[in-house]
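User: I'd like to go through this one piece by piece. Please set out your terms as you use them.

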Amino acid sequence: MAESYHKGRSFQQEMEFIHQDLHLPTVWHIDKGFVPNMRVPGKFYVNNKLEKVIFDELRDHCHRGAFGGFLPAVKQISNVAGLPGIVKHSIAMPDVHAGYGFSIGNVAAFDMSQPTAVVSPGGVGFDINCGVRLIRTNLMYKDIVDIQESLAQTLFDHIPVGVGSKGIIPTNMKDLVSALEMGMDWSIREGYAWPEDKEHCEEYGRMLGADATKVSPRAKKRGLPQMGTLGAGNHYIEIQRVDEIYDKFAAKKMGIFTENQVCVMIHSGSRGLGHQVATDALVQMEAAMERDKIHVNDRQLACALISSQEGKDYLAAMSAAANFAWVNRSSMTFLTRQAFQKIFKGSSADDLDMHVIYDVSHNIAKIEQHNVDGKLMKLLVHRKGSTRAFPPHHPLIPVDYQLIGQPVLIGGTMGTCSYVLTGTDKGMRETFGSTCHGAGRAMSRNRSRKCLDYKQVLQELEKKNISIRVASPKLVMEEAPESYKDVTAVVNTCHQAGISKKCIKLKPVAVVKG
């Protein structure tokens, strides 16, 4: 269990360390001293609507005497601020909630020139490169409204979903090793992706530091049958329609021209392979911490020196798992295009303009250059439950998005809405070019199962004329809108803070879940 501090401190005493920014009401600061050994301050972004959730979590923690469950998010943000090599701030996005070690929504950057700087699997998460891909079409809502049930069923039939689902993309161990090292280049070579798909993908769909030999046999065994599978939990495929366009110039650059245009959003990750990579690394790093005398506030923040063998091995294995996730989303894109071709006979996926708008990662650590206090620094940026959001003219975003900034895909909760944002210069300065990733949980999975009725959740979706296909109906409560924060409040906070900019709002037409 996570360690805790200052057991005698009341909620009011804890709040003496946390204060709202004088000029930016969406920014809150956590002073050094809130937890022991903080090397930098913490900060988090919330608006009036969201601040209650984060402070109620801290209040409950104080009332129960700091026992049981994860530490509250503000404590986790602060514990991360104590990790060796961290620079500037430990930052959290408005969808922040407690997680393993790092809170989900935490961003932390480590100075690679410092020999004591660390990498922590808890700052990436177990579902390595869990992410979102958005595919546009030239279809309009009126083209699918009468066939949305059959379209949802065809997607459900084409794409394996649910716990333990097995892929239909033929893969042997040799293919898997190639996919781990090549990422989307493997998908293109094998005919499962269009060459232009990778142009609209973070890192062009391939982490060059990947080394399949650093992925354990058990991780490979878990990943082998899962390529091209959705999985369960909060993963989904949604057929969506454009509800609002806030920035017409940026939307046109993405191929979105009008309200009611149809898109498809895919949210998935590295499945069991990524989970095993993280588990393996945590075991290795506990021993490395003892050897290198690395002390942390919370045992869940297991880490290793970036320069150590354990640190290098983890980054190589994490990169391979990230490549697996991109291949996985590419395989599901291939199957989605097939499903649409089956329904719209005589029209190819190309005829339907089923191009990838962008593909973003939520759980990943990457080496990037950032300007910190006027100095250009090489940093290892951990983003866990947060999204890279690079500004216009950044060299690492596609040529056709240079004028608007990187597209950022924010998946909503089941039956609500999703958003497309763009990166900003302010975000680059304030958050290492990062923004939110989704709604963020407000209720634990266990509590959701106890408090909500899955039949009622499904009925509510039907009332909204949303078609749904679910492999495990009784798990639907975990992903019900009531289990999450309001995604619109999360997005508005980021927009008001200037760390990303609203572009497009999308509403669900059909949902396929595990």
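Analyst: Helices (H or I, at least four residues) and strands (E, at least two) are DSSP runs, numbered from the N terminus. The model is predicted, so local features need pLDDT of at least 70 and side-chain atom pairs pLDDT 80 or more, while totals for chains, interfaces and linings use all residues. Residues are numbered from 1 along each chain as its sequence is written, and side-chain values use heavy atoms, with hydrogens and water left out.

User: OK. Where does phenylalanine 432 lie?

Analyst: Phenylalanine 432 is in the loop that runs between helix 12 (425-430) and strand 17 (434-435). Its phi is positive, about 55 degrees, although the residue is not a glycine.

User: Buried or exposed?

Analyst: Phenylalanine 432 counts as buried because its relative accessibility is 5%. Buried means under 20% relative accessible area, exposed over 50%, and partly exposed in between, with a 1.4 Å probe and protein chains only.

User: What about aspartate 353, what is its phi?

Analyst: Aspartate 353 is not a glycine either, yet has a positive phi of about 60 degrees. The loop between helix 11 and strand 11 (356-361) holds aspartate 353.

User: Switching to strands. Why is strand 9 largely enclosed by the rest of the structure?

Analyst: Strand 9 covers residues 261-268, and eight of the eight are buried, so the rest of the structure largely encloses it. On one side sit Gln261, Cys263, Met265 and His267, on the other Val262, Val264, Ile266 and Ser268, and both faces are covered.

User: Which strands pair with strand 9?

Analyst: Strand 7 (residues 131-140) runs antiparallel to strand 9, with seven bridges joining them. Strand 8 (residues 236-245) also pairs with strand 9 in the antiparallel sense, over six bridges. Two strands count as paired if DSSP finds at least two bridges between them.

User: Which residues of strand 9 are the bridge partners of arginine 133 and isoleucine 239?

Analyst: Arginine 133 has isoleucine 266 as its partner, and isoleucine 239 has valine 264.

User: Now strand 13. How many of its residues are buried?

Analyst: Seven of the ten residues in strand 13 (residues 375-384) are buried, so this strand is largely enclosed by the rest of the structure. Strand 12 pairs with strand 13 in the antiparallel sense over ten bridges, and six bridges join strand 13 to strand 5 (residues 104-111), which is also antiparallel to it.

User: What stands opposite leucine 379?

Analyst: Glutamate 368 is opposite leucine 379. Aspartate 111 in turn has leucine 379 as its bridge partner.

User: And what sits between strand 12 and strand 13?

Analyst: Two residues, in a hairpin; aspartate 373 in the turn has a positive phi of about 50 degrees.

User: Next, helix 14. Which residues are buried?

Analyst: In helix 14 (residues 454-463), Val457, Leu458 and Leu461 are buried. Viewed down the axis, they fall within an arc of 95 degrees, so they line one face of the helix. The arc is that of the directions from the helix axis to the C-beta atoms. On the other side of helix 14, Glu462 and Lys463 are exposed.

User: What do the buried residues of helix 14 pack against?

Analyst: They pack against strand 18 (467-470), where contact means heavy atoms within 4.5 Å. Just after helix 14, asparagine 465 has a positive phi of about 60 degrees.

User: Back to helix 11. What does valine 327 touch?

Analyst: Valine 327, which lies in helix 11, touches Ala179, Gly183, Met184, Trp186, Ser187 and Met227, leaving out residues up to four places away in sequence. Valine 327 is buried because its relative accessibility is 0%.

User: And serine 307, where is its place?

Analyst: Serine 307 is in the loop between strand 10 (304-305) and helix 11. At 48% relative accessibility, serine 307 counts as partly exposed. Beyond four places in sequence, its contacts are Pro115 and Lys312. The C-alpha atoms of serine 307 and glutamine 114 are separated by 9.4 Å, with the two residues 193 apart along the chain.
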